[in-house]
Amino acid sequence: MKKIKIAFLLLSFGFISCDNYLDLGENPNQLHADAATPDQYLPAAQTLSFSTQAGTMERLGLLFSNACGGNVQSYASPFNDEFSLNITNIFYKSIWEGLYLRMGAYQKIIDFNDVNSSYKEYKAISKIGKVYNMQYIVDLYGDAPYSEAFQGIANITPKYDSGFDIYKKLFSELDEARTLIDDINNGNYPNSVGKSATYDMVYGGNMGSWKLFANTIELKMLLRMSKATGAAATYRDNRLQAMSTNGNNSFITSDVVIQPGYSNGRNDTVNPLVYNFGWDLNAAATSYNVYAASGHFAKCMNAYSLINYSSPAAQEVVAGSNVFYPNVADPRRFSIFTSISSSYRGVTQGSVAVDVFKPGGVSAGQPSKFSGLFFNAYNQTGNGATLPTGSSGNTLAGVKGNIMTLSECHFLQAEAAHLASVKPAYGLLGLNAQAEFNAGVASSMAFYNATAGTYLATVNASKPNYGYNPANTFNQNYNAIMYQKWIAILPSNAIESYIDNTRTGFPINPMPLNSSYTQRPNRLIYPSSEYIANSANVPNVTISDLFTVNSKSPFWLQ
């Protein structure tokens, strides 16, 4: 818990100012930022970065990927803005502001005057952490401040760089981080060796693991660019060629987790995923109660016999798609949402009632809510599949945070191998789509402590769009990869599935009932704070810009 205290001390000492999230602000009446050293900044940057990922980013991902509906039995019109797609300049603005604040902390480490070369490990870690955060700014907003950001009062109105230019700078920072790691391992910086072990909340200073994570982030970024054309496509293919020849095509081999000392000491030391989607330490259930299994998710995870379909036509995921729900009992289903009478009770997004349930059931009563294994409770604390009542905050407060799961990495590799038939440069990585797909499903089963049984063999053999098989069409297998990835990363990084759907169209999922749009937005609107503080530079983004591919879209869609 010491490291969490450091993070909050950084906040209380004024190192982070919400008035200017493009830099770490300084309060002259409090401890000066220059008095802090990288070993104080790093745990703060890592802990607070995860709090953004496990908070507003996770919430938007769960809702925009159609995993969750609102608990209409307890709340009036929950998530109305998300389901009606009422996107404004205050809609989820804390994603932008939170990510920039966290990157500001990483930048302080990168810029630290390391006269004795004692903090090279910190600088390598910070470059990787900064890239991980900044990628989401580009993916969710498009163009953004970068080359002139993080300068404090030296430049309080930084210009906007193009998304593609930012991506190129991010790739360069990954290269710089890996070079630093190689130099450290080669003995070039003896004063730095092992110095980050105590204050690195992710890998405990293991530079080899950080390099694998950097490679995995690069693969994810190159997959974002899978539909890029022109100069961006050429750049992508050159990077893929380099990955295949410089040894950077080895990726993470276990879940990437953070554990700064999450505990039941105070509400601000509870794992943020638990706090935001479960209980606080007083067992207040507001967060837990507002989320329900969506009707779409309930249909995905259960056999037809357990769902009250109004007709066989209703078993089609989206009318006219010719993609039907899998009609398989997924072994992970009760690890993600709770069982109610051995079945699911779901709420279709935009519905005013619990409308998906076991045939013969009724709409009255509570819907299925998050299970304990949604928080990875089994693998981390030995708890069973159902969240205990009353003491839930105390029970789950100390579980580790999942930044990226091994299953996500396997599905990234499966996608790259799958794309090789249409984008040959991905084939240079030498990956096998079937093997990586199977490994991704197996890893997901292990994460949820589910007994896989014959599930994988069944979906691969006879469930196009849900299993991978060379006999399927390209799009059926692409949907299968993204579908299984969606299920696997729900509790770790659900925002990925929203972005995946934006760039690929997979996995196919229906729109909310009350939406007047036929698709979810391709991007978000810049926050109101940017239009106030940086009005001369911030691009004007209209509602119509969100729902078409245009110059305001993330560059990899253009």
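A polar contact here is a pair of N or O atoms within 3.5 Å. Keep that cut-off in mind for the first view; the model throughout is a predicted one.

View 1. A polar atom of its side chain lies 2.7 Å from the backbone nitrogen of Lys552. On the oxygen side, the Asn550 side chain also has a polar atom 3.2 Å from the backbone oxygen of Asp545. If you skip the neighbours within four places in sequence, Asn550 is in contact with Ser544, Asp545 and Gln558.

**View 2. Helix H16 alongside helix H18.** Here we're looking at H16 (residues 433-447) and H18 (residues 474-488), whose axes come within 10 Å and cross at roughly 20 degrees. Angles under 35 degrees count as roughly parallel, so that is the label for H16 and H18. As for handedness, their crossing is left-handed. H16 brings Phe437, Val441 and Ser444 to the meeting, and H18 brings Ala480, Ile481, Gln484 and Ala488. Sorted by class, that contact has five nonpolar residues, two polar ones and no charged ones.

**View 3. An aromatic pair, Phe79 with Tyr291.** Searching the whole structure turns up 48 aromatic pairs, and one of them is Phe79 with Tyr291, a tilted pair with 5.2 Å centre to centre and 35 degrees between the planes. The two residues are 212 residues apart, so to speak bridging distant parts of the chain. Phe79 belongs to the loop between strand E1 (68-70) and helix H3 (80-84), while Tyr291 is in strand E3 (residues 291-293).

Technical notes:
Residues are numbered from 1 along each chain as its sequence is written. This is a predicted model: local features need pLDDT of at least 70, side-chain atom pairs count only at pLDDT 80 or more; totals for chains, interfaces and linings use all residues. Side-chain values use heavy atoms; hydrogens and water are left out. Axes are lines fitted to C-alpha atoms, for helices over the stretch in contact, and angles run from 0 to 180 degrees between N-to-C directions. Helices (H or I, at least four residues) and strands (E, at least two) are DSSP runs, numbered from the N terminus. Angles under 35 degrees count as roughly parallel, over 145 as roughly antiparallel, 65 to 115 as roughly perpendicular and the rest as oblique. A crossing is left-handed if the near helix is turned anticlockwise from the far one by less than a right angle, and right-handed if clockwise. Contact means heavy atoms within 4.5 Å. Ala, Val, Leu, Ile, Met, Phe, Trp, Tyr, Cys and Pro count as nonpolar, Asp, Glu, Lys and Arg as charged, and the others, Gly among them, as polar. A polar contact is a pair of N or O atoms within 3.5 Å; within protein, one must be able to donate a hydrogen and the other to accept it, and residues adjacent in sequence count only if both atoms are side-chain atoms. Rings of Phe, Tyr and Trp (its six-membered ring) pair if their centres lie within 6.5 Å; planes under 30 degrees apart count as stacked, over 60 as edge-to-face and the rest as tilted.
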